[in-house]
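Please read it alongside the model.

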Amino acid sequence: MRSSREDTRHRLLSLEAGRFVAAVLVACFHFSFAFVNLRGVPVFGMAFRGGHAGVEFFFVLSGFIIFFIHRGDLGRKGTLGSFAVKRFTRIYPVFWIIWIPLLIGFLAPLGLGGHRVIDAADLVLDGLLLPTDGDGIIQQSWTLRHEVVFYALFAVAIWNLRIGTAVLVAWQGAVLIVGTACSGTLPQALMPFFYIYNIGFGLGIATAWAADRWRPSRPGTIALAGLAFFAACLAAEWYLGRSDYSPTQLPLGGIASPLLYLAASAIVIFGATGFDRRRALPCQDQIRILGGCSYVLYLFHTTVGSVTIRLFGLPILKSVPDGLVFLAMLSASVLVAVGVHLWVEKPVLRFLRGRSSARPPLASALAGRAAE
């Protein structure tokens, strides 16, 4: 019989849907500014000005999922190797599948690199998702550097629960202090360690811990309240920043903006988790596919969208309304992401996980070598 924890993990489809919506929000954010830069048009009146909030959702969701899945590994150093393999497999192979072709395009004399300058050392750090002062081949992969730092600190808690807990708590405190005090001036190489967005990992862990202990009677109401809070922040950001066409500006404030969205995301995730325990969503297979393609969509949408908007710059397609071009960019990005997820990402991950599961656990392997 499936345990309640395994059953919950199997049924957390609301979070899969949330992953997809968050990736779509980020895509719409980038596409909105692509229209301003390439066409001089604020498409849809900059309605997706706050679409960057999908990133904040991902930070909280990551903390939630890592604690939810690996809580049983905490303090069990024998599972450290398995944790490392799972986290490596989840991030790097698909990242490299997208990163390498884009790297070739960047290095080729085709003008695909734009105005970015990346030296050899930065390329190595970029490919390994380690902190760097240089630009990235995939510009939105900056969030993955934060992810790698979080995984490393969580691994300390797996090695030793007491020390790891102290490290994570101290890290969150340092992020809150340094991230607030140095907002806008923090060196790029230090951002994966101290950027205020890292508070999302802690909120995600706290949300998973609370969801495991508190079963509210109306989780759907909590989720809706979180969504209303999230939507209100989006509306306020659009109203305050609808005439500001700089993607680096946060109309709600460099500190207040991420904290508001992170808090709203935590409420949504907490409510959605409780809702999924009570009721199964329809269209489960479709939701799993859309949620599964969100990583590829997040990494690859700028490339697909850039190609699509340039195709509509051809003389024969110039008369197509901007709104339809925007929808074409989004549709093409989703279709490509689904295709890559189904026919590239899933087979690769299945192969890698099959190989890792065929090997003995790290502790057993070390014991066997010692016996030899």
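Accessible areas here come from the Shrake-Rupley method with a 1.4 Å probe, and for residues only the protein chains shown count as cover. By that method the protein exposes about 18,300 Å². Carbon and sulfur atoms supply 67% of that area.

The model is predicted: local features need pLDDT of at least 70, side-chain atom pairs count only at pLDDT 80 or more, and totals for chains, interfaces and linings use all residues. Residues are numbered from 1 along each chain as its sequence is written, and side-chain values use heavy atoms, with hydrogens and water left out.

**Overall form**

The protein has 15 helices and zero strands. These are DSSP runs numbered from the N terminus (helices: H or I, at least four residues; strands: E, at least two). The C-alpha trace spans about 70 × 50 × 45 Å along its principal axes. Of contacts between residues at least 6 apart in sequence, 77% join residues at least 24 apart; contact means heavy atoms within 4.5 Å.

The protein carries 32 positive and 19 negative side chains. Lys and Arg count as positive, Asp and Glu as negative; His and the chain ends are not counted. The centres of the two sets lie 8 Å apart, with each charge placed at NZ of Lys, CZ of Arg, CG of Asp or CD of Glu.

**Packing**

Buried residues make up 44% of the 372 residues. Buried means under 20% relative accessible area, exposed over 50%, and partly exposed in between (1.4 Å probe, protein chains only). A nonpolar core is a set of buried Ala, Val, Leu, Ile, Met, Phe, Trp, Tyr and Cys residues joined through side-chain atoms within 4.5 Å. The largest such core holds 80 residues. Phe150 and Trp171 are among the members that touch the most others. Leaving out residues up to four places away in sequence, Phe150 touches Ser62, Gly63, Ile66, Trp171, Phe201 and Ile205. Another core, of seven residues, lies apart from the largest one and includes Leu25, Phe230, Cys233 and Ala264.

**Two sites**

| Residue | Helix | Relative accessibility |
|---|---|---|
| Phe229 | H10 (residues 219-241) | 28% |
| Ser333 | H14 (residues 322-358) | 2% |

Phe229 counts as partly exposed. Beyond residues up to four places away in sequence, Phe229 touches Leu260, Ala263, Ala264 and Ile267. The C-alpha atoms of Phe229 and Val348 are separated by 38 Å.
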